[in-house]
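Reader: Before I set up any calculation, I would like to learn how to read the features of a model like this one. Could we take them in turn, with the general idea ahead of the particular case?

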Amino acid sequence: MKDCLTLVNGHLTEQQKNAYWNDGYLFPIDVANETQAKNWRNSLEKIECDWLDNGLALPLNTYKRVNAQVVMPLACEIGLHEPILDAVEGILGPDVMLYSVEFLTKEAQTKHIVTMHQDLAYWGMGDMDNILTAWLALSPATSVSGCMDFVCGSHKNEILSHEDSFDEHNLLSRGQEIKVDVANSDKVAVELRPGAMSLHHGLTIHGSGPNQSDDRRIGVAIRYVSAKMRKAGGVKDYAISARGTFDDDSFTTYAPPSTLFSKNSMAKYEEIRTEQAKVMMAGAKKGSEIY
Ligand SMILES: O=C(O)CCC(=O)C(=O)O
């Protein structure tokens with residue numbers, strides 16, 4: 001595993017910012033110590049234990065897998081964690097919104113994978129440079145446990161053609177995969193210790209293999225947009241204000257939830273899910289739900 005990058009007072013250096021724009025990613029960045037990462041993991045696992053069969057309108061996994069920040073205070077706590085925002089600000093600038101928090105778990109010794117894709121292929125974002133993903137490890141992310149692989153410089157492509165597989169072992173909503181073969185030698189393994197994160201551009205080609213380890217591989221993918229972001233076709237979307245200022249032209253903002261799965265936050269979740277599904281599942285041959 002590579003040593004974590006040295007930041008200056010928690011902020012990215014010019015050299016690190018340049019590396020992000022050149023390569024389409026940056027890692028490993030230390031944003032939480034071992035105890036903090038363990039506490040977050042424990043809180044997530046307690047929710048999984050308490051709420052698995054607890055009468056939620058949708059399967060628990062749906063809430064964890066997309067827009068968890070709408071209904072889970074834990075997701076907001078992670079998404080608004082200052083050291084993460086300090087690094088994100090170095091790329092997106094001072095006005096940052098929290099767009100989505102996604103808990104991406106691969107159970108020990110399972111076949112789940114993420115096929116090579118570009119995030120922006122289906123998100124309907126008009127603007128490619130004003131969105132990024134911070135992916136935080138809550139358990140060791142290694143080549144054995146199914147860490148992500150990035151393709152260096154691939155964000156310099158436009159959105160490439162993708163194909164939907166809807167494979168049951170694919171963690172992605174449509175099982176989408178770029179129609180280009182990526183050689184193993186072009187893949188950079190994004191190995192992270194718990195509490196470290198990577199940043200990646202929305203056009204960076206990436207995916208991940210199965211978890212062949214004896215521990216769960218737990219990651220939190222946090223999507224941020226800058227206040228400059230405008231969605232294609234003037235479509236409005238939803239976000240939580242994280243830092244700085246923004247106008248309401250493109251994103252409707254809403255407050256972080258104060259309690260887990262509250263009635264109000266569940267109604268907001270449904271509203272957002274319905275609106276986003278119209279964009280994300282446009283043209284899909286099967287189904288119209290996001291996850
Ligand atoms: O968690 C993974 O393995 C893949 C995550 C991913 O595709 C993403 O964060 O964009």
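Reader: Is threonine 274 buried, partly exposed or exposed?

Author: First, the ground rules: this is a predicted model, in which local features need pLDDT of at least 70 and side-chain atom pairs count only at pLDDT 80 or more, while totals for chains, interfaces and linings use all residues. Residues are numbered from 1 along each chain as its sequence is written, and side-chain values use heavy atoms, with hydrogens and water left out. Buried means under 20% relative accessible area, exposed over 50%, and partly exposed in between (1.4 Å probe, protein chains only). Threonine 274 has a relative accessible area of 41%, so it is partly exposed.

Reader: Where is threonine 274 found, and which backbone oxygen does its side chain reach?

Author: Helices (H or I, at least four residues) and strands (E, at least two) are DSSP runs, numbered from the N terminus. Threonine 274 belongs to helix 7, residues 263–280, and its side chain reaches the backbone oxygen of glutamate 270 at 2.7 Å. That is a polar contact, a pair of N or O atoms within 3.5 Å; within protein, one must be able to donate a hydrogen and the other to accept it, and residues adjacent in sequence count only if both atoms are side-chain atoms.

Reader: Why is asparagine 211 classed as buried, and which backbone oxygen lies 3.0 Å from a polar atom of its side chain?

Author: Asparagine 211 is classed as buried because its relative accessible area is 0%. The residue is found in the loop between strand 10 and strand 11, and a polar atom of its side chain lies 3.0 Å from the backbone oxygen of lysine 106.

Reader: Let us turn to the ligand. Which residues come nearest to the ligand?

Author: A residue is near a molecule or strand if one of its heavy atoms lies within 4 Å of it. There are 14 residues around the ligand, of which Asp119, His206, Ser208, Arg217 and Arg223 come nearest. A polar side-chain atom of arginine 223 lies 2.9 Å from an oxygen atom of the ligand, while for histidine 117 the distance from a side-chain N or O atom to a ligand oxygen is 3.3 Å, and for a polar side-chain atom of histidine 200 it is 3.4 Å.

Reader: Which strands each supply at least two residues of the shell around the ligand, and what is the make-up of that shell by class?

Author: Strand 2 (96–106), strand 3 (114–117), strand 4 (131–137), strand 10 (206–208) and strand 11 (217–226) each supply at least two residues, and the largest share, three residues, comes from strand 11. For the classes, Ala, Val, Leu, Ile, Met, Phe, Trp, Tyr, Cys and Pro count as nonpolar, Asp, Glu, Lys and Arg as charged, and the others, Gly among them, as polar. By this scheme the shell has five nonpolar, five polar and four charged residues.

Reader: What should I note about the backbone at proline 28 and asparagine 67?

Author: The peptide bond from phenylalanine 27 to proline 28 is cis, with omega near -10 degrees, and proline 28 is found in strand 1, residues 25–30. Asparagine 67 has a positive phi of about 55 degrees although it is not a glycine; this residue is found in the loop between helix 3 (60–65) and helix 4 (68–71), and with a relative accessible area of 3% asparagine 67 is buried.
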